[in-house]
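Me: Let us go through this one by question and answer. Show me the sequence and the structure, please.

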Amino acid sequence: MELRNINTFLKVAATQNFSKAAEQLGYSQSAVTVQIQQLEKELETPLFERMGKRVFLTESGMEFTFYANEIMRAANRARIFAKEKGELDGTLRIGGVESVCTAMLPDFLLAFHSSYPRVKITIKSGTTEELMEMARSNEIDFVFTLDRKICSGEWVKAVERKENI
């Protein structure tokens, strides 16, 4: 059973019109007709009574509406589940002053890697000014620094915490 056909069925049931359903779905009217015919053939029962340009649900169509809604809800839950369970991948480019890279990043990187093993991490070190320029030129994704506070609309502060030195 095709989800597309079930979705089309629900749209036709809601609009009571093949042409309006086609317009809302971005299909041709003939495509909607074919999808409904496929569904009716698969279910071995007529779902609509056609009267002129309007259509009305048959008794079987009314009963199937419940199942069609359940199927679409389950499909949407499955899509959400798949997106939530999808593993992150790609490359995370970190910039930091050398003292921060050696003192603070190892614990962070171990924890991050255990949560996101498919993410490749690259680290660049430099002075705060060099790192800010690397961020401006999109060479790194974020900057770790122990330098002065940077107050500018150009930057977004993700985390700030005091460190005992």
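**Sheet and helix contacts**

Reply: G95 stands opposite K124 in β4. This is a predicted model: local features need pLDDT of at least 70, side-chain atom pairs count only at pLDDT 80 or more, and totals for chains, interfaces and linings use all residues. Residues are numbered from 1 along each chain as its sequence is written, and side-chain values use heavy atoms, with hydrogens and water left out.

Me: Which strands stand at the edges of the open sheet of three strands?
Reply: The sheet has the order β4-β3-β5, with parallel pairing. Strands are DSSP runs of E, at least two residues, and helices are runs of H or I, at least four, numbered from the N terminus. Two strands pair if DSSP finds at least two bridges between them. Each edge strand has a single partner strand, so one side of each is left without a neighbour in the sheet: these are β4 (119-125) and β5 (142-144).

Me: How many bridges join strand β3 to β4?
Reply: Strand β3 covers residues 90-96. β3 and β4 run parallel, and the number of bridges is seven.

Me: Is α2 roughly parallel or roughly perpendicular to α3?
Reply: The axes of α2 (residues 18-25) and α3 (residues 29-43) come within 8 Å and cross at roughly 105 degrees. Axes are lines fitted to C-alpha atoms, for helices over the stretch in contact, and angles run from 0 to 180 degrees between N-to-C directions. Angles under 35 degrees count as roughly parallel, over 145 as roughly antiparallel, 65 to 115 as roughly perpendicular and the rest as oblique. That makes α2, relative to α3, roughly perpendicular.

Me: Which residues of α2 and α3 make the contact?
Reply: Contact means heavy atoms within 4.5 Å. From α3 come Q29, V32, T33 and I36; from α2 come F18, S19 and A22.

Me: How does α1 lie relative to α2?
Reply: The axes of α1 (residues 3-15) and α2 come within 8 Å. They cross at roughly 125 degrees. That makes α1, relative to α2, oblique.

Me: Is Q16 buried or partly exposed?
Reply: Q16 is found in the loop between α1 and α2. Buried means under 20% relative accessible area, exposed over 50%, partly exposed in between (1.4 Å probe, protein chains only). The relative accessible area of Q16 is 28%, so Q16 is partly exposed.

Me: What is phi of E44?
Reply: E44 is found in the loop between α3 and β1 (48-51). Phi is positive here, in a residue other than glycine, with a value near 55 degrees.
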